[in-house]
Amino acid sequence: KMTQQMRDLQLAQARKPPGPSSPNAAKRLYRNLSGKFRVNYTSFDEGSLAGRGEKEKLRKSYLFQSNAALFEAVELQDLDRVQELLKQYSPEELDLNTPNSEGLLPLDIAIMTNNAPIARALLQAGAKESPHFVSLESRSLHLSTLVREAEQRVNELTAQVVNEAPNADCSEKEKQLKAWEWRYRLYKRMKAGFEHARVPDAPTNVHLSVASSSSVQVTFWEPLSVNSAVVTKYKVEWSCSPTFSPPLGEAVIDKLKNLHFTIRGLVSGTAYYVQVSAYNMKGWGPPQASVPPFAIPSNWREYDGRAPRRRGQAEALDHLLGQVKTVHQHCVCHEPCKNQPQSRKHSVSKSLKHLFHPGSKFLKTLKRGLYLTAIFYKDDNILVTHEDQIPVVEIDDTYSCLLMQDFLWFTKVSCMWDEILWLRQCVTVSQSSCSCILQTRFKMLLAISQMQGLLGIQDLGQVFFEPVKDKQGNILIVTLKEVKTNQTFESVRWVPICKLQTSRKSVSSPEEPTALDTLLISVQDKLAYHQRSSHALSPGLYLGYLKLCSAVDQIRVLVPERLPNILCHVRIRSNPNISREEWEWLQKMAVAEEPVPAEPEADTSQNHLFQELQVAIKELMTLVNIPLQEAKDFRLYSQEVLDFGGQVSFLLLLPPSDDVCTAPGQNNPYTPRSGFLTLPLQIFELGEER
């Protein structure tokens with residue numbers, strides 16, 4: 001490759017031969033064995049210092065070579081090689097924004113040869129244009145100089161090659177001539193590319209939306225035509241006047257991975273106009289006004305001055321819990337427990353040794369009764385006792401029918417793992433009533449304390465949404481927790497799940513497996529559920545579908561398997577905010593008597609939301625397997641927008657009133673496709689909170 005050949009020749013001329021080595025026999029032997037390295041006979045300390053110096057020189061040389069390789073790959077328009085180098089080295093290691101001896105950067109070469117794919121790859125890696133090109137004239141002059149000097153060098157070398165007799169020096173001159181001829185053609189192509197280029201067209205699909213009560217967001221696409229020059233940055237301008245006189249502010253966007261910008265610090269209720277323009281090496285192109293032409297920062301709550309529903313609720317609940325604790329702390333039943341610590345201070349690594357202690361209370365087999373099992377997992381491994389059993393403790397050996405209300409109460413307790421000792425003491429106070437419910441729940445608290453004590457871990461994780469049962473009358477309440485730390489435990493063995501499943505000797509028949517066998521068979525499904533239930537949605541506005549079904553003792557809600565902590569949904573747009581104008585339009589649509597409301601005026605935020613909702617409803621109906629013609633009887637929940645942390649919000653789509661909740665024995669004519677499940681409503685609410 002010509003460029004590399006020329007650099008190699010220059011380096012060879014600059015390199016000086018090393019001085020003569022010492023006439024030491026051992027050194028001569030070492031020198032003969034190693035053809036590349038010449039080592040002086042020094043002391044150990046001097047040798048180590050010299051070794052570090054050599055390593056540093058090698059590292060710098062290696063990075064210099066990588067920088068040269070990047071320039072060469074860009075000049076040769078080798079996209080694969082450019083991407084490989086950008087992936088292998090950081091921008092600092094590549095000296096991505098340090099000009100070479102010709103005053104050029106890799107991005108300059110890519111732009112002026114109009115290589116859009118390489119230019120985009122460099123821009124996404126943080127490449128900049130050369131600071132030498134402060135104006136069009138300076139860029140034109142610089143390119144003309146490079147072309148003239150390269151042409152002059154080619155003429156000189158041509159004359160030398162023609163006039164000299166064939167010899168070794170002549171052969172070297174011919175190589176240099178070929179390299180300079182290639183570089184001359186490169187500079188001419190760059191100069192021609194610059195001269196033929198024009199400023200880019202305006203960006204397309206410039207859309208303006210309200211992001212909050214004090215900000216608006218603009219999104220846009222690349223220009224349809226960049227006029228033979230790659231766009232390297234964009235400018236966003238905003239003003240309170242449609243003529244942009246005077247302008248209020250501007251921002252230059254040079255990180256082109258995501259073409260959007262949020263303008264913050266605006267005044268609520270004020271209209272702001274926005275336009276976007278693109279830039280290439282020939283300058284700024286014409287601006288493109290947004291659609292809609294202006295936006296007014298606002299939020300749907302401003303429509304009726306409504307405060308957030310959950311404002312202060314968490315603080316109020318904490319205060320209430322503190323008051324309850326204060327009332328109970330002087331109770332007689334607490335006297336024997338005053339010297340007991342409120343929480344075990346065992347380290348995990350020390351306390352997990354109880355798993356392998358012969359006197360532990362973990363069970364190997366189940367009798368007829370109610371049990372608690374805790375599954376701790378890390379990657380594909382699961383924590384077991386010294387007898388290769390999943391930790392199981394007994395709750396009640398006389399309880400063979402778990403009431404749904406008791407199970408739901410247990411799931412609520414899982415939000416207070418650190419308060420089990422206090423809850424147990426409080427329930428003890430009430431046992432004088434001999435309530436069967438209280439006795440069962442007290443035994444649940446005892447079992448939790450026993451599991452925490454044996455494991456030495458307070459947090460037992462998340463309760464699986466349904467117990468595991470068998471025909472022998474065994475019921476397993478399952479908790480799941482992922483161990484994400486890299487902490488190592490003494491005398492603790494993590495067993496691969498597949499090994500545990502194959503090595504377990506089942507005492508039941510395949511037709512009637514025990515609850516433990518059923519748990520082991522389905523453990524991967526439960527772990528997958530646990531992992532998916534902790535996933536979060538990406539920021540945006542979503543359309544959710546609320547569908548309930550009732551049984552004798554519970555109400556269940558339809559959710560997707562891939563995100564069981566969220567209602568069935570589709571994404572409407574990336575902006576989660578609903579503006580006051582959009583909410584006002586939704587309110588009018590909710591009370592409209594016409595089955596299909598009139599379409600809003602064009603070029604308004606309401607019209608854009610209307611179009612987005614149409615697309616989202618079609619997608620959602622397909623997802624839950626409901627014919628689109630049935631959607632005309634559905635309605636949007638118009639009381640509020642469901643807000644989750646400010647980054648995710650939901651509009652709810654409701655079936656007709658009679659179909660919101662399917663009663664026991666009632667057939668659902670439209671059964672969702674696979675990929676859905678129904679959760680008890682209380683379990684869903686707890687998962688949503690997590």
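User: Before we start, what counts as a salt bridge?
Analyst: A salt bridge is a side-chain nitrogen of Lys or Arg within 4 Å of a carboxyl oxygen of Asp or Glu. Please note that this is a predicted model.

User: Okay, which residues are linked in a network of salt bridges?
Analyst: Arg573, Glu582 and Glu612 are linked in such a network. Within it, the side chains of Arg573 and Glu582 meet at 3.1 Å, N to O.

User: Are Arg573 and Glu582 buried or exposed?
Analyst: Both Arg573 and Glu582 are buried.

User: How many salt bridges does the structure hold?
Analyst: It holds 13 salt bridges. One of them joins Arg120 and Glu222, with the closest N and O atoms 3.4 Å apart. Arg120 belongs to helix α7 and Glu222 to the loop between β2 and β3, so this pair ties together parts that are 102 residues apart in sequence.

User: And how accessible is Arg120?
Analyst: Arg120 has a relative accessibility of 38%, so it counts as partly exposed. Glu222 is also partly exposed, at 37%.

User: What does Asp254 pair with?
Analyst: Asp254 forms a salt bridge with Lys128, at 3.0 Å from N to O. Asp254 sits in the loop between β4 and β5, and Lys128 in the loop between α7 and α8, so the pair connects parts that are 126 residues apart in sequence.

User: Switching topic: what is in the largest nonpolar core?
Analyst: That core has 69 residues, and those with the most contacts inside it are Ile375, Phe376, Leu476 and Ile477. Helix α14 gives the most to this core, with 8 residues. Domain 3 and domain 4 both give residues to the core, so it lies between them.

User: Which residues does Leu476 touch?
Analyst: Leaving aside residues up to four places away in sequence, its contacts include Leu366, Tyr371, Val392, Pro467 and Leu519.

User: Now helix α4. Which residues are buried there?
Analyst: Val82, Leu85 and Leu86 are buried in α4, which spans residues 79–88. They cover an arc of only 100° around the axis, which puts them on the same side of the helix. On the other side of α4, Asp80 and Lys87 are exposed.

User: Last one: where does Ser414 lie?
Analyst: Ser414 lies in the loop between α12 and α13. Its relative accessibility is 4%, and buried means under 20%, so Ser414 counts as buried. A polar atom of the Ser414 side chain lies 2.4 Å from the backbone oxygen of Thr411.

Definitions and conventions:
Residues numbered from 1 in each chain as written. Predicted model: local features only at pLDDT ≥ 70, side-chain atom pairs only at ≥ 80, totals over all residues. Heavy atoms only, no water. Buried < 20%, exposed > 50% of the residue type's maximum accessible area, 1.4 Å probe, protein only. Helix = DSSP H or I, 4+ residues; strand = E, 2+ residues; numbered from the N terminus. Arc of directions from axis to C-beta. Polar contact = N/O pair within 3.5 Å; in protein donor to acceptor, adjacent residues only side chain to side chain. Core = buried A, V, L, I, M, F, W, Y, C linked by side-chain atoms within 4.5 Å. Domains from an automatic or database assignment. Contact = heavy atoms within 4.5 Å.
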